[in-house]
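Morning, everyone. Please take a look at the structure on the screen, and I'll walk you through it.

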Amino acid sequence: MITDIPDARSANVTGALWMIAAMAGFAVEDAFVKGAAQVLPVGQILIMFGLGGAAIFAIVARLNHEPLFTPDVLAPAMRFRMVSEVVARLFFVLALATIPLSVATVILQATPLVVVAGAAMIFGERVGWRRWVAILIGMAGVLVIVQPGADSFSALSLLAVVGMLGFAGRDLASRAAPRTVGTSILGLYGFLSVVVAGTLIAVWQGDALPRPDLRSALFVAGAVMAGVCAYSCLMKAMRTGEVSAVTPFRYCRLLFGIGFGIAIFGEELRPSMLLGSVLILASGLFIMWRGRQVGAAAPAVRAPRR
């Protein structure tokens, strides 16, 4: 048993490195999308991004001999996942196009808090009062950043909030999705949902779809490659180390997002955003730590009943 401990630690370290790579990749994707949004309409970016990602995952699925369509793809959880993906991508890309990258990234970090709350309400998972308090503190952090009612309030920041809720719905639906639907197929239909989101916003806004110049085309291509690589690293991370050990490293995306916002787009950090970031980060890390403590104690409680 002693020889297993170094192996477990090595797996957790490797998984953490994969998670850090994934979060860096997602932050790069966001930066590319924001750069492209300075030239191209949001709808066109989503369509190009979705088609590129879907093509890559379709190729991967075929190489793995996975059918691109099965009846399970139309299961209720999958349909809800696709709708959530449409909402998430549409509103978050609109947020990237209209508000600072750092603000959108920080708000997105509240997604795990909503997922935990949703798991309690939908799947009946036990969430004690301590974690509920942490969820409320994290949501208070979002309010500190958005600042409704203040003179500096921008309704555009609510786009990131809606996008965050969409991503939380997608993650919850992914958990309920049929086990027969593999990772590549989830990626394929996730990116096809992005195409739907782009088409909806393009039709609604009545945007013409101009021919992208080389610079904007490279931005979208970079976003696709970064997104696909990040998604693959994320799956690798979740399958390498313990979930409780690897998941906290999701929050390093906050550092990457803020860093890119300052270095590339010349953004400034407001005190309210720093405070909100601390509240969200502390709440998320506490929830993960508390979940691990409860999970470790659960067998000891059940043991006498056997």
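**Cover, charge and crossing**

Start with helix α4, residues 101–108. It is mostly covered: eight of its eight residues are buried. Buried means under 20% relative accessible area, exposed means over 50%, and partly exposed is in between, with a 1.4 Å probe and protein chains only. The buried residues of α4 include Leu101, Val103 and Leu108. Helices here are DSSP runs of H or I, at least four residues long, numbered from the N terminus.

A word on the source. This is a predicted model, so local features need pLDDT of at least 70, side-chain atom pairs count only at pLDDT 80 or more, and totals for chains, interfaces and linings use all residues. Residues are numbered from 1 along each chain as its sequence is written, and side-chain values use heavy atoms, with hydrogens and water left out.

Now the charges. How many salt bridges does a search of the whole structure find? Five. A salt bridge here is a side-chain nitrogen of Lys or Arg within 4 Å of a carboxyl oxygen of Asp or Glu.

Take Glu29 and Arg89. Their side chains meet in a salt bridge, 3.0 Å from N to O. Glu29 lies in helix α1 (residues 4–36) and Arg89 in helix α3 (residues 76–98), so the pair ties together parts 60 residues apart in sequence. Both Glu29 and Arg89 are buried.

Next, Arg253 and Asp30. Their closest N and O atoms are 2.8 Å apart, in a salt bridge. Arg253 sits in helix α11 (residues 252–265) and Asp30 in helix α1, 223 residues apart. Arg253 and Asp30 are both buried.

Then Glu85 and Arg170. This salt bridge has its closest N and O atoms 3.5 Å apart. It links helix α3, which holds Glu85, to helix α7 (residues 157–176), which holds Arg170; the two residues are 85 apart. Glu85 is buried, at 2% relative accessible area. Arg170 is buried too, at 17%.

There is also a network: salt bridges link Glu29, Glu85, Arg89, Arg170 and Asp171.

Last, helix packing. The axes of α2 (residues 42–63) and α9 (residues 214–240) come within 9 Å and cross at roughly 45 degrees. Axes are lines fitted to C-alpha atoms, for helices over the stretch in contact, with angles from 0 to 180 degrees between N-to-C directions. α2 and α9 are therefore oblique to each other. Under 35 degrees counts as roughly parallel, over 145 as roughly antiparallel, 65 to 115 as roughly perpendicular, and the rest as oblique.
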